[in-house]
Amino acid sequence: MPSVLNMKLYLPVPILLVILLSAAVTNQTAHATGDTLTIEKWLYTGPASFQNPVFHDQPALDGQVWAPRSFLEADTSPYSEWEPYDGMSVSLFYPDKLSWRVTDTADGWLIVNETEDTTSHRVLWAAAYITADRWLEADLTLESPSMLRVFLNGEPIVSKTTFSQDSETAAGRVSHTAALHRGTHLLLVKLVQPSGHAMQKDLLRVQVQAGEFTSALRTGTDPRRAILQRTISNAPRPAGVSISPDGTLAAVHVRQAHPPDGTSEAWIDILNISDGSLYRRLAGTMTVSGMQWLPEGRRFSYTHRGTDGTDLWVVDLDTGEKTRVLHGVDDFSGYRWGPDASWFLYGERQRHDPR
């Protein structure tokens, strides 16, 4: 445990603010009949194959027996961060190596290659971008013989847990009314087909209606979009950058505001300097600030202000250990490590009565 010297001082921390601006033109295609828009091109990936889990036929504590529809809720990736494009690899914890590819439709139906494998459960994904030229409410209608779960901009909106083997006559249908602001939105559909059944050829059809404003909608497979003011205002912003003593890692303190009330979320990204890849992300509900690398090792510190005052924490990236070295300091103003990390200084503000 490092020794502590308490001094009444202020220690300014330099802050680096970086704002990256970009703009692109979105290439969109769709087919409209009257006031109905049918999605004609999809980004498609899969299927990923799965076997039944161990003890799948035994009741759980709640008495329920496992069923293939459980795959609908088993998400191993935050869909809010997805932005697929043609040829992009899929980063999922699945045994299959998958990539996105553009697929046409026939009579509005997404057509996939049939497979003879009926021993595995199959999970597939289809994605399309919907662009609105104005704010509007759109009615989404999805037809598929598969079980499915639908996401709009990463948020689940509707699901269907029934499955039909006969895709031509018994495709189930679900609907949802979505408020779309001006801009481009990602529609993502996760589909599950249980084992024991051949893969349906006609997999999915989606139609969009917005009444007199349907002509203000376009769909396509290109994620590029125009940059709007709210995109810039709500984008994650670096609020501090520091380099590890060995020069291999950069710790970036990131903050992001969330509409409509402007509440913010903060997290720490540890990046490999050699290629900019993410080494580790430290996120949670705590508000963190004052990030500093310790003078030696692959350790860094940060402060957290709670109801009892400010705490100072040290994180060791090699061991994963997190240690609190200071607790409950009122009016905390800053800190600084000694050259060998065996001690540190911290400051407190003092308020004086002018009388």
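Mentor: We begin with a definition: buried means under 20% relative accessible area, exposed means over 50%, and partly exposed lies in between. Please keep in mind that this is a predicted model.

Trainee: Is valine 241 buried, exposed or partly exposed?

Mentor: Valine 241 belongs to strand 15, which spans residues 237-243. Its relative accessible area is 39%. Because buried requires under 20% and exposed requires over 50%, valine 241 is classed as partly exposed.

Trainee: Which residues make the nonpolar surface patch of about 240 Å²?

Mentor: Valine 241, in strand 15, is one of the residues of that patch. The area of the patch is about 240 Å². Its members are Val241, Ile243 and Ile273.

Trainee: With which side chain does the side chain of serine 146 make a polar contact?

Mentor: Serine 146 sits in the loop between strand 8 and strand 9. At 0% relative accessibility, serine 146 is buried. Its side chain makes a polar contact, at 2.8 Å, with the side chain of glutamine 193.

Trainee: How many residues apart are aspartate 104 and lysine 41?

Mentor: A search of the whole structure gives 10 salt bridges, and one joins aspartate 104 to lysine 41, with the closest N and O atoms 2.5 Å apart. Aspartate 104 is partly exposed at 44% relative accessibility, and lysine 41 is partly exposed at 29%. The pair links distant parts of the chain, strand 5 and strand 4, with a separation of 63 residues.

Trainee: Which residues are linked with Glu143 in a network of salt bridges?

Mentor: Glutamate 143 is buried, with a relative accessibility of 7%, and its side chain meets that of arginine 205 in a salt bridge of 2.9 Å, N to O. Glutamate 143 lies in strand 8 and arginine 205 in strand 13, so the pair ties together parts that are 62 residues apart in sequence. The residues linked with Glu143 in the network are Arg173 and Arg205.

Trainee: In the salt bridge between arginine 324 and aspartate 311, which residue counts as buried?

Mentor: The two side chains meet at 3.3 Å, N to O, with arginine 324 in strand 22 and aspartate 311 in strand 21. Arginine 324 is partly exposed at 38% relative accessibility. At 7%, the residue that counts as buried is aspartate 311.

Trainee: Let us close with the backbone. Which peptide bond is cis, with omega near 0°?

Mentor: The proline concerned is placed in strand 4. Omega is near 0° for the bond in question. That bond runs from glycine 46 to proline 47.

Trainee: What is phi of aspartate 107, and what is phi of asparagine 153?

Mentor: Aspartate 107, in the loop between strand 5 and strand 6, is exposed at 73% relative accessibility. Asparagine 153, in the loop between strand 9 and strand 10, is partly exposed at 37%. Neither residue is a glycine, and phi is positive in both: near 55° for aspartate 107 and about 55° for asparagine 153.

Note on methods. Residues numbered from 1 in each chain as written. Predicted model: local features only at pLDDT ≥ 70, side-chain atom pairs only at ≥ 80, totals over all residues. Heavy atoms only, no water. Patch = residues over 30% accessible without salt bridge, like charges linked within 9 Å, V, L, I, M, F, W, Y side chains within 5 Å. Areas by Shrake-Rupley, 256 points an atom, 1.4 Å probe, with all protein chains shown as cover. Salt bridge = Lys/Arg side-chain N within 4 Å of Asp/Glu carboxyl O. Helix = DSSP H or I, 4+ residues; strand = E, 2+ residues; numbered from the N terminus. Buried < 20%, exposed > 50% of the residue type's maximum accessible area, 1.4 Å probe, protein only. Polar contact = N/O pair within 3.5 Å; in protein donor to acceptor, adjacent residues only side chain to side chain.
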